[in-house]
Amino acid sequence: MPPHPLLPQLLMPGRYALIFAIKGVISMALALLVSMFLQLDRPYWAVVSAVFLQLRPESGLVIEKALCQIAGSVIGGGFGILVLAFLTPYPLLALGFLTLWVGLNSAASSMVHNNNYIYAFAMAGMTAGLVVILVMADASTTSSQSVFAIAQARISEIATGSVCAMLVSRLLWPVTVKDGLRVNARMVINKTLEYLTLELEPGSSHEQRHQHADEILENLVALNDDSSAVTYEGPEGPGRSRAANLLCNRVMSLLAVTQIMGRFHRNHENLVSPAFSEVLSQMRRYFREIAEANSYEEGYRLAHALRRSLLDQRAGYTNESAIVTRLTKTALELVGDLVVVLRAYNALESRDRTLLKASKLETHRDPLVALINGFRTAMMFMIGAVIWVQTASAAALMIMIMPVVFSVMFARFSLAALTLIMRRVLVGATVAIPVALFFGLGLLSQSSGDFELLVLILAGPYFIGLLALASRPTLPYGLGFCIPFTLITQPSNSMTFDAENAVNIALGLFVGLSILYWVFKLITPPDSRFMQRRLLTSTARDLTAIDDHERPESWFNGRMGERLLRLANYDQSSGRSDRYMTDLGFTGLNIGHLSIRLRKLIQDHRSPAVDALLQEWQQALADTYLMSSRGEVNPVFREASARLLQAIHAYREPDQKTVIIEGMFERLALTFERTARTAAEAIGESPRHGGVGRSQSA
């Protein structure tokens, strides 16, 4: 039986974990020192602020999170002042508006993917709650001046912790986002090359291909999220951010184009000619060699050698079918994208001004998910508010604050991952409570309140908690320990050592986290299949909007990145081995790219009649995609393709481009028919022929 992950992390920490913990202790000590020197009201909130900034210690990410934390606190403090200015005589109404504000921030956080931006929304909700609740808790002394003073104090404390953590991150053993980006980019490229080889390998399994695709998508989304933080790391930062975005975008193109070729040779082996088999063999060989290359220059040279080889191969074609001609052209486009990916990787270290700007991978914004997350967080806050109104207990204040922050921060995780995270946070909090009560307060009560003694006593527990924070598997334990430990001990200039108050706070934190655990279990999004259907519908909607964008390939890649990852995560959580919903997502990516390439091919064949039929064909494409995902065959697509091809021929004599277009239409029709069969088998039905789609009546 393997040991618990906490044991090696705490007993045999590595060099990285030790440096991480030392920097964290220094950050929190500096935050406490500055806030005590400035005579701030509650210095421990500066320590809490510094703890949250330790979650990702890279300099650019710390700066970005600090800015997000300060911005969220200022906005939240402003809203708190606004609520108190108008609703101080109506406490229940004030709590109602505060509940709505917390829910709105939680819903808005669901529309972004970057953890730092999510944290900004969490801070906006928490700071507003702190300002309003602390004023209402002592309403007898409320005045406009006291309201502003409380808001200013909360913002100052959080800003102090942010700035101190940011300074320590930059000055002591700095870790940069740039280094992490380059490592992750290399990992993405190698995984992509392995995936390209698997797609073109006749003997590869469906499970192998999906495993690689899932890993690529996870790394791409992580790389895309970090690309915004590298902007803060010197004058070269913005250029590296653009290079990372371009790399992510073009890897999406590689996934799309490779799947087109892989599915063709697996599902239509009878159409694969000997010449095209040689093309596939050459590509597999070169992909392996590029993955094994020791330098960017060698990989770049091999990619160009592959391109020249494919050009020579295509020049020698005689009597090849239209679809083979088209797919050989697709192979050349794939190699072109690979060259750009390699150049973008090199630009993470060396400036390359010739690279084009590409769209970031966008967050998939689902209003239904936002509504559920907002309602869940608002419900958590409302439960705490009801308990507080009924009992006027200090414990209820903790239920209304930290569990709400965790509700916003953890909302994007799946239910299985969330259950594990919340259990570990609760374990950390369970350990923190006795340590804070008996070790922390017991020793602190014997001290004189000097800063030196405070740090000497608190450094040990914080060091242990930060060691847990340094590793992803044990991070929830560390977070669950450090935050409650700080809120229970409440280090400050004038510590009261009130055991009853400390026990109340500990009880409130534990009860609040326990309630949050069950709120997450009870209020969940609809089942995964329903959510996957919404993702496919969004993909079909994007297919009809391709003509509305100046750089459609970059735009479409950006829209599909996180969408594919969500489809894959839903499939993994469902336990199904066929992964056919993820396959449908990749099919949407593929046909989007084919649609974009069609427009490039018919640039010289455009006419009003062709444009009208192209729009009709695009609608038929989207309709057929959704119908095939339900196991239905749509005859309208072949009809719309035939009409468009006829209009192209009428405008210009057939040439190589029209032959390629004909091959493209045939491949799409085969793809939809195969997809309908696969979906019908997964659903347990026979493929059905759909009725007249919207495109026929257009």
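Reader: At what angle do helix H8 and helix H10 pack, and how far apart are their axes?

Author: Happy to start there: H8 (residues 177-200) and H10 (residues 237-267) pack at about 10°, with axes 9 Å apart. The axes are lines fitted to C-alpha atoms over the stretch in contact, and angles run from 0 to 180 degrees between N-to-C directions. This is a predicted model, where local features need pLDDT of at least 70, side-chain atom pairs count only at pLDDT 80 or more, and totals for chains, interfaces and linings use all residues. Residues are numbered from 1 along each chain as its sequence is written, and side-chain values use heavy atoms, leaving out hydrogens and water.

Reader: Why is H8 called roughly parallel to H10?

Author: Angles under 35 degrees count as roughly parallel, and the angle here is about 10°, so H8 is roughly parallel to H10.

Reader: Which residues of H8 and H10 meet?

Author: Contact means heavy atoms within 4.5 Å. Among the residues that meet are Val188, Ile189 and Leu196 in H8, and Leu247, Val251 and Leu254 in H10.

Reader: What makes Arg597 and Glu333 a salt bridge?

Author: A salt bridge needs a side-chain nitrogen of Lys or Arg within 4 Å of a carboxyl oxygen of Asp or Glu. The closest N and O atoms of Arg597 and Glu333 are 2.4 Å apart, so the pair qualifies.

Reader: How do you know that this pair links distant parts of the chain?

Author: Arg597 sits in helix H22 (residues 580-601) and Glu333 in helix H13 (residues 322-347), 264 residues apart.

Reader: How many salt bridges are there in the whole structure?

Author: A search of the whole structure finds 23.

How values were computed. Helix = DSSP H or I, 4+ residues; strand = E, 2+ residues; numbered from the N terminus. Parallel < 35°, antiparallel > 145°, perpendicular 65-115°, else oblique.
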